[in-house]
Amino acid sequence: MMHTRRNFIACMLMALAPWRGATAADAASLPIDFAEFAGGLAQPRGLLFAPDGSLYVAEQLSGEIARIGADGRLTRIARGFESPHDLELDAAGHLYVADTGAGRIAKIDRAGAVSTFVDELESPVDLAFAPNGELWVCELTGKVRAFASATRSRTVVALKGPHGLAFARNGDTFINDWRGNQVVRLDAKGLLHPFADLAGPVGLSFSPAGELIVAQPQARRITRIGPDGRQRLLAEGLSEPRDPVFDRQGRLYVAETMAGRVLRHAGRW
């Protein structure tokens with residue numbers, strides 16, 4: 001049974017791994033209103049802005065975590081992870097890493113020391129702190145779990161393949177169901193509602209205008225979804241875009257994984 005579960009998880013990770021069909025032309029071209037912010041990254045994803053304006057990036061291929069300062073300088077602050085997928089910061093400035101291949105959430109303290117916050121997880125791929133302080137974790141094998149501490153957790157909801165979540169101001173939570181090809185809404189009472197049909201969503205974020213920005217790496221596009229569920233194409237033809245995020249100025253950033261770079265959108269929101 002244990003071998004069967006490990007094989008299943010391995011297959012899931014292979015299915016989600018960056019597609020290697022991108023070309024040099026893909027990496028060179030950009031859709032209108034996008035510009036390269038940082039390059040030379042080893043399959044970037046899991047973008048996260050810190051309060052000081054620096055951008056943290058998980059490098060899936062090399063197993064490193066990079067920090068891009070407000071001055072544009074890139075520093076790799078930690079290494080040795082196994083296919084890291086996502087990042088999150090707590091109020092004390094500790095950085096959490098979804099160490100997907102190792103089945104754990106790692107913690108990097110302010111001095112740079114790495115420890116295990118919680119392990120024995122099944123393909124943890126996304127992290128987000130809820131308004132109540134719980135750390136929510138998407139396990140690609142089918143669960144979203146909430147950790148009040150390393151030893152106290154609960155299962156929030158079961159989906160086919162949760163991969164990305166965002167908390168709305170009204171108490172709703174929006175979750176990508178990657179394998180279910182949809183975005184769902186979890187209301188404050190814990191009831192689940194379909195919200196939008198979308199092929200392979202990975203990562204989502206609220207814009208300053210209240211729209212959901214969703215990346216679709218296999219479809220090579222970014223979609224914006226209004227509060228009414230209406231979809232509009234923001235960009236297409238990208239080399240596996242993932243994990244959109246906004247800075248304090250309201251500018252959109254996206255990891256273009258197979259081009260090894262982070263893009264910044266020049267449009268207004």
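**Exercise 1.** In which sense do E20 and strand E21 (residues 231-236) pair, and over how many bridges?

*Solution.* Keep in mind that this is a predicted model.
- Step 1: Find the two strands and compare their directions. E20 and E21 pair in the antiparallel sense, over 5 bridges.
- Step 2: Pick out one facing pair. Ile222 stands opposite Ala235 in E21.
- Step 3: Look at the link. The hairpin of E20 and E21 has 5 residues between the strands, and Gly229 there takes a positive phi near 90 degrees.

**Exercise 2.** Now turn to E19 and describe how strand E19 (residues 212-216) meets E20.

*Solution.* 
- Step 1: Check the pairing. E19 and E20 also run in the antiparallel sense, with 5 bridges.
- Step 2: Inspect the turn. This hairpin has 4 residues between its strands, and Arg220 in the turn has a positive phi of about 60 degrees.
- Step 3: Ask how covered E20 is. Buried means under 20% relative accessible area, and 4 of the 5 residues of E20 (residues 221-225) are buried.

**Exercise 3.** Describe the largest pocket and what lines it.

*Solution.* 
- Step 1: Start with the volume, which is about 1100 Å³.
- Step 2: Go to the centre. Of the 44 lining residues, Leu48, Phe49, Ser205, Val245 and Phe246 are the closest to it.
- Step 3: Trace the strands involved. Among those that each supply at least two lining residues are strand E2 (44-49), strand E18 (204-206) and strand E22 (241-246).
- Step 4: Sort the lining by class: 25 nonpolar, 10 polar and 9 charged residues.

How values were computed:
Residues numbered from 1 in each chain as written. Predicted model: local features only at pLDDT ≥ 70, side-chain atom pairs only at ≥ 80, totals over all residues. Heavy atoms only, no water. 1 Å grid on protein atoms, 1.4 Å probe; cavity = no way out; pocket = protein on both sides within 12 Å on 5 of 7 lines; lining within 4 Å. Points joined across faces, edges and corners; volume = space filled by probe spheres on them. Nonpolar A, V, L, I, M, F, W, Y, C, P; charged D, E, K, R; others polar. Buried < 20%, exposed > 50% of the residue type's maximum accessible area, 1.4 Å probe, protein only. Pairing = 2+ DSSP bridges.
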